[in-house]
Amino acid sequence: MQASLSLSVSNPAAIPRSGHGFESSLPFPSKPVNLRFCGLRREALGFSSTSSSISAYRSNRNAARSKKVWASLGSDNGSSSSAPKSFDYDLIIIGAGVGGHGAALHAVEKGLKTAIVEGDVVGGTCVNRGCVPSKALLAVSGRMRELQNEHHLKALGLQVSAASYDRQGVADHANNLATKIRSNLTNSMKALGVDILTGFGTVLGPQKVKVGKDTVVTAKDIIIATGSVPFVPKGIEVDGKTVITSDHALKLESVPDWIAIVGSGYIGLEFSDVYTALGSEVTFVEALDQLMPGFDPEIGKLAQRVLINPRKIDYHTGVFATKITPAKDGKPVTIELIDAKTKEPKETLEVDAALIATGRAPFTNGLGLENINVATQRGFIPVDDRMRVIDSNGDRVPHLFCIGDANGKMMLAHAASAQGISVVEQLTGRDHVLNHLSIPAACFTHPEISMVGLTEPQAREKAELEGFEVAVAKTSFKANTKALAENEGEGLAKLIYRPDNGEILGVHIFGLHAADLIHEASNAIALGTRIQDLKLAVHAHPTLSEVLDELFKSAKVSF
Ligand SMILES: Cc1cc2nc3c(=O)[nH]c(=O)nc-3n(C[C@H](O)[C@H](O)[C@H](O)COP(=O)(O)OP(=O)(O)OC[C@H]3O[C@@H](n4cnc5c(N)ncnc54)[C@H](O)[C@@H]3O)c2cc1C
Ligand SMILES: NC(=O)c1ccc[n+]([C@@H]2O[C@H](COP(=O)([O-])OP(=O)(O)OC[C@H]3O[C@@H](n4cnc5c(N)ncnc54)[C@H](O)[C@@H]3O)[C@@H](O)[C@H]2O)c1
C-alpha cells in the first residue's frame, strides 16, 4: 500500500535511475565546529553551557526525564557491543530541515535531551530552496494573474490600470521570506533547548555520530533526516543560468521570454504558474503520456483545461529530454527529445532557458552507512513503517531511524515532520505508525489542487483486489456562494468512498483555496471518521468549506 502511495506522489519516472549522476546543491564546505557546539560537550559532562537560565532549567529537566525514558525503553532496542555505555544526548538528528526540526521540537517537548546536526543552513530544502520561497513567488503570480484578468476584474466592477512588476522586488520577497522563516526555525529550536551542532554528520557506528572533521557525539537514538537535492538526468548540463533547477529558479535572476520546463509534476506545474504570470511562454516536456501524471486523471483533465490550455503553454508528452545544452555564444538552449517508448529521436527544441523539474534524489552520500551495514536503494535509506532503518540483511538497525525525503516514502515537508514526530512517540514509550494515506498534498497553482488518499484508478484497483465496491461523489464550486462572490466558481471536489461502510478512500479538490480545504478530509481519514458522521457536521455559511459539506452530504452510504 505504501509503495503505491509513494509512487503516486513521487512519480516513478522521476526516481533516479541507477548510474545517473545528479547535481548536488549541498557541497558542504567543511565548517569548523563552532563554540556553541563545544559548550554542548561541557554540558554533557555536567556543566551548564547555555547563557539563559530557562535553557539551563530545560536542559536539567530534560536530562532528568531522559533517564526515565531510557529505563522505560527496555531491551527491545538492544545495543551492539561497540555501542557506548553512556550518552551525550538522548537523541541526535542529522539534518535540520523541516523533518529534523519537527522531530527536534517534539523530542524536547517529550523531555529528550536533543541535538541536531546541520552541515549547511537550518531549514533545509523547504525553507531555503523549496516550499517557502516558491510559495512567495506563487503569492506574487496569483496577484499578477488577478490584476491582469480584465474579464474577472470587470465582473467584480473593478478597474485597474496595467499591472507590472519589479523582478528584483519579487526575488527579494522570496529571499526575505526564506530568511525570516529560517530564523524562526533556528530560534524556536534554541529557545526550547535543542543544541544545534554545525558540521557534516556521519554515522560512525551504533549510537555514534561524527560532526565535522573530528568531533564525536553519542546518543541513545539517531534520526537521519538528510533530505534530497534536485535530480538531473544524465545528458542534461546545468549551468545555473540558462539550464537551471528549482534551486536556481527560486532566486528569479531572470524571467526568460521562452522557457522549457522538463517534467510536469509539482515543481513544473507551480513554476509554469509563476513564469506565465510574469510574462514567459512555457513549453512542457513530459516523459509520460499526459501532463500532471501523478494527479487523479479527472482532476488532471480539469487542471489542464484551466491551468494549461488558456495560458501561453504548449507541451510535448511521451518524450524524454535526453540531451540539454545551455545557451552559449548567442546560440539558444537546445533540448533533444526522444520518444519515451521507442527511444527514437524526435525533435530538437531551441528555447531561451530550461528548468529541470524531473524529481529529487535523496541526499545520503557520505553518511557512513557502510559503518552500520546499510545499503541504500537508489540512494534512499530503507525503512519499515515505523521509520526504523533496515540493514543489508533485512534486519532492523537498533536505535537508528530515517525520516523525510531521504527515505523516499513521501517527499513532502509535512510528511517529513510527521514521520519525525512519529519516531519520537515511539522513543518515548508510545507505539505509533503514521498512516501515509492520511497525509494531504497540495499544488499551489491558481487555482490550487489538493488531494489525500487514493486516486480513482488506485481505489478501483484496491477494491478489485479486496472485493469491495467503490462509489464517487462530486460537487462543483459553481454552487458555492463564497466562491461565486469571489468570482471563482471554476472548481471541483471529488470524493472516492466505500458505500457499504462510509470509509473515505480519497478526496481530490481543484479550486480556490483547495490546499486549505483538504484538511477536513485528511483529518477524517487520520481519525477514521466515516462519511455518515461527517454528514452531520456543521459548516459556517457562506464559506468555501461548504463545498466539502455538500460533497459528504451527496455521498450515498448504505450504513
Ligand atoms: C521547489 C520546491 C517546492 C516545494 N514545495 C513544497 C510544498 O509546498 N509543500 C511541501 O510539503 N513540500 C514541498 N517541497 C518538498 C519539501 O521541500 C521536502 O519534502 C522537504 O524539505 C523534506 O524535508 P527533509 O527534512 O526530509 O529534508 P530537507 O529539507 O532537504 O533537509 C535536509 C537537511 O539535512 C542537511 N544535511 C544533509 N546531509 C547532512 C549531513 N550528512 N550532515 C548534516 N546535515 C546534513 C541539509 O543541509 C538540509 O538542511 C518542495 C520542494 C521543492 C524543491
Ligand atoms: N506543493 C508541493 O507540495 C510541492 C511542490 C514542489 C515540489 N514538491 C515535491 O518535490 C518533489 C519533486 O518535484 P518534481 O516536480 O521535480 O517531481 P515529480 O515527481 O512531481 O515530477 C517529475 C516529472 O518529471 C517527469 N520526467 C522525469 N524525467 C523526465 C525526462 N527525462 N524528460 C521528461 N520528463 C521527465 C516525470 O514523468 C514526472 O511527471 C516531489 O516529490 C514533490 O513531492 C512538492
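Which helix and strands each supply at least two residues of the shell around ligand 2? Helix H10 (266-277), strand S10 (281-286) and strand S12 (319-325) do; helices (H or I, at least four residues) and strands (E, at least two) are DSSP runs, numbered from the N terminus. Before we go on, note that this is a predicted model, in which local features need pLDDT of at least 70 and side-chain atom pairs count only at pLDDT 80 or more, while totals for chains, interfaces and linings use all residues. Residues are numbered from 1 along each chain as its sequence is written, chains are lettered from A and ligands numbered from 1 in the order in which they are written, and side-chain values use heavy atoms, with hydrogens and water left out.

Let's stay with ligand 2. It is surrounded by 28 residues, and the closest are Glu 270, Glu 286, Gly 359, Met 411 and Ala 442; a residue is near a molecule if one of its heavy atoms lies within 4 Å of it. An oxygen atom of ligand 2 is 2.6 Å from a side-chain N or O atom of Glu 286, and an oxygen atom of ligand 2 is 2.8 Å from a polar backbone atom of Gly 359. On its own ligand 2 exposes 850 Å², of which the protein buries 93% (accessible areas come from the Shrake-Rupley method with a 1.4 Å probe; for residues, only the protein chains shown count as cover).

Now turn to ligand 1, which has 41 residues around it; Glu 118, Thr 125, Lys 135, Gly 201 and Asp 405 come nearest. Asp 405 has a side-chain N or O atom 2.8 Å from an oxygen atom of ligand 1. A backbone N or O atom of Met 411 lies 3.4 Å from an oxygen atom of ligand 1.

Gly 201 leads us to strand S4. Its bridge partner in S5 is Val 211. S4 and strand S5 (residues 208-211) pair in the antiparallel sense over four bridges; two strands pair if DSSP finds at least two bridges between them. Four of the five residues of S4 (residues 201-205) are buried, so this strand is largely enclosed by the rest of the structure (buried means under 20% relative accessible area, exposed over 50%, partly exposed in between, with a 1.4 Å probe and protein chains only).

Conventions
A polar contact is a pair of N or O atoms within 3.5 Å; within protein, one must be able to donate a hydrogen and the other to accept it, and residues adjacent in sequence count only if both atoms are side-chain atoms.
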